[in-house]
Amino acid sequence: MLLMAVDIGNTNVVIGFIDDGRIAGTYRITTKANHTSDEYGLMITQFLALSGYKPADVDDVIISSVVPKVMHSFRASIVKFLDIDPMIVGPGIKTGLNIRMDNPQNMGADCIADCAGAYYEYGGISGLITTGIRTAAAALWEGTAQLPEVEITRPKSILAKSTKPAMQAGLYYNFLGGIERTIAQFHKEIDEDFRVVATGGLSRVFADDTNMIDIYDPDLIFKGMRHIYDRNVR
C-alpha cells in the first residue's frame, strides 16, 4: 500500500510517500497561500515520479495542517489529481493517545502527529511550545535595520570577528542552551528515565552537538501520521 502523508506547516509543506510502512521519499516546498490546486497537483505528480510512482499508485492520503488558508487548494489538488478525499488529522481522529491537556481540542494537528510518532516509536511523551530558531532569527534581522539575514548553522567558533558569524553564534548557542535547559527541567520534574527525540528540519543542526538528545528522527511526523492512519482506515 502506498500512503501519501502531508504536513502543511507555517514555513514548509512536507510530503512523504510511505510504501508498506517504509518511507520511500520525502519532499519539501515553501508554504504559500497563493498556490493553485493545479500548481500543487503538478508538484505532487513530479514528486511521485522522482520516487518512481504514478498518481494511480497512491492508495490513500492523510494531511496534517496548521495553515487553513492553504488547505482548500491543497485538498482540491488531491481530489483532482489523485481522485482521493484525504483523511485530515484533527478533532475526532483516533490516535490511541491519552492526551492529558485541559483542552485537547486546541492541540495542533502537527503536534498530534509528532506525538503519535514519538509515542508509538519510542514510548511515552511530553512536550511544550516555544519559538523555533528560524522564527527567532527572522525577528533578529527583520526587527533591526542593519543586521543581515544569515544561514542558520553551527559557527566555527563563538569568538566571532564580524557581524554574520556573531549572529550565527548568538542564535546557535542561545538556542542550544535553551534546549539543554529545557531537557534538564523535564528530568527534574519527571521521576523516571526517558529518551529525548529531536525532529524537524533544523533539529539536525543541534542533534550532534549535545549529549542530551538521544535520537534524531527527521521522519517522525510521517511515522505518526501512518500510525494515526492505521487507526482510522476507511
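Colleague: Methionine 101: what does it count as at 41% relative accessibility?
Modeller: Partly exposed, because its relative accessibility is 41%. Buried means under 20% relative accessible area, exposed over 50%, and partly exposed in between, with a 1.4 Å probe and protein chains only.

Colleague: Where does methionine 101 lie?
Modeller: In the loop between E5 and helix H3 (109-122). Helices (H or I, at least four residues) and strands (E, at least two) are DSSP runs, numbered from the N terminus.

Colleague: What are the ground rules here?
Modeller: This is a predicted model, where local features need pLDDT of at least 70, side-chain atom pairs count only at pLDDT 80 or more, and totals for chains, interfaces and linings use all residues. Residues are numbered from 1 along each chain as its sequence is written, and side-chain values use heavy atoms, with hydrogens and water left out.

Colleague: On to H4. Which residues are buried in helix H4?
Modeller: Ile133, Ala137, Ala138 and Trp141, in a helix that spans residues 133-142. Down the axis of H4, these buried residues fall within an arc of 135°, so they line one face of the helix. The arc is that of the directions from the helix axis to the C-beta atoms.

Colleague: And which residues are exposed on the other side of H4?
Modeller: Ala139 and Glu142.

Colleague: What covers the buried residues of H4?
Modeller: The cover includes helix H5 (163-189) and helix H6 (204-207).

Colleague: At what angle do H4 and H5 pack?
Modeller: About 145°, with their axes 11 Å apart. Axes are lines fitted to C-alpha atoms, for helices over the stretch in contact, and angles run from 0 to 180 degrees between N-to-C directions. On the H4 side, Ile133, Ala136, Ala137, Leu140 and Trp141 take part. They meet Met167, Leu171, Tyr172 and Phe175 in H5. Contact means heavy atoms within 4.5 Å.

Colleague: Switching to rings. How many aromatic pairs does the structure hold?
Modeller: Eight. Rings of Phe, Tyr and Trp (its six-membered ring) pair if their centres lie within 6.5 Å; planes under 30 degrees apart count as stacked, over 60 as edge-to-face and the rest as tilted. Tyrosine 27 and phenylalanine 47 form a stacked pair, 4.7 Å centre to centre with 10° between the planes. Tyrosine 27 is in strand E3 (residues 22-30) and phenylalanine 47 in helix H1 (residues 37-50), so the pair ties together parts that are 20 residues apart in sequence.

Colleague: Are tyrosine 27 and phenylalanine 47 buried or exposed?
Modeller: Both are buried. They also belong to one aromatic cluster, with Phe17 and Tyr53.

Colleague: What about threonine 31, where does it lie?
Modeller: In the loop between E3 and H1. Threonine 31 counts as buried, at 14% relative accessibility. Beyond its neighbours within four places in sequence, its contacts include Gly9, Asn10, Val67 and Val70.

Colleague: Last topic, backbone. What is phi of aspartate 20?
Modeller: Near 50°, which is positive in a residue other than glycine. Most residues other than glycine have a negative phi. Aspartate 20 lies in the loop between strand E2 (12-19) and E3, and counts as exposed at 60% relative accessibility.

Colleague: And what phi does aspartate 83 have?
Modeller: A positive one, about 55°. Aspartate 83 is in the loop between helix H2 (68-82) and strand E5 (87-88). Aspartate 83 is exposed, with a relative accessible area of 68%.
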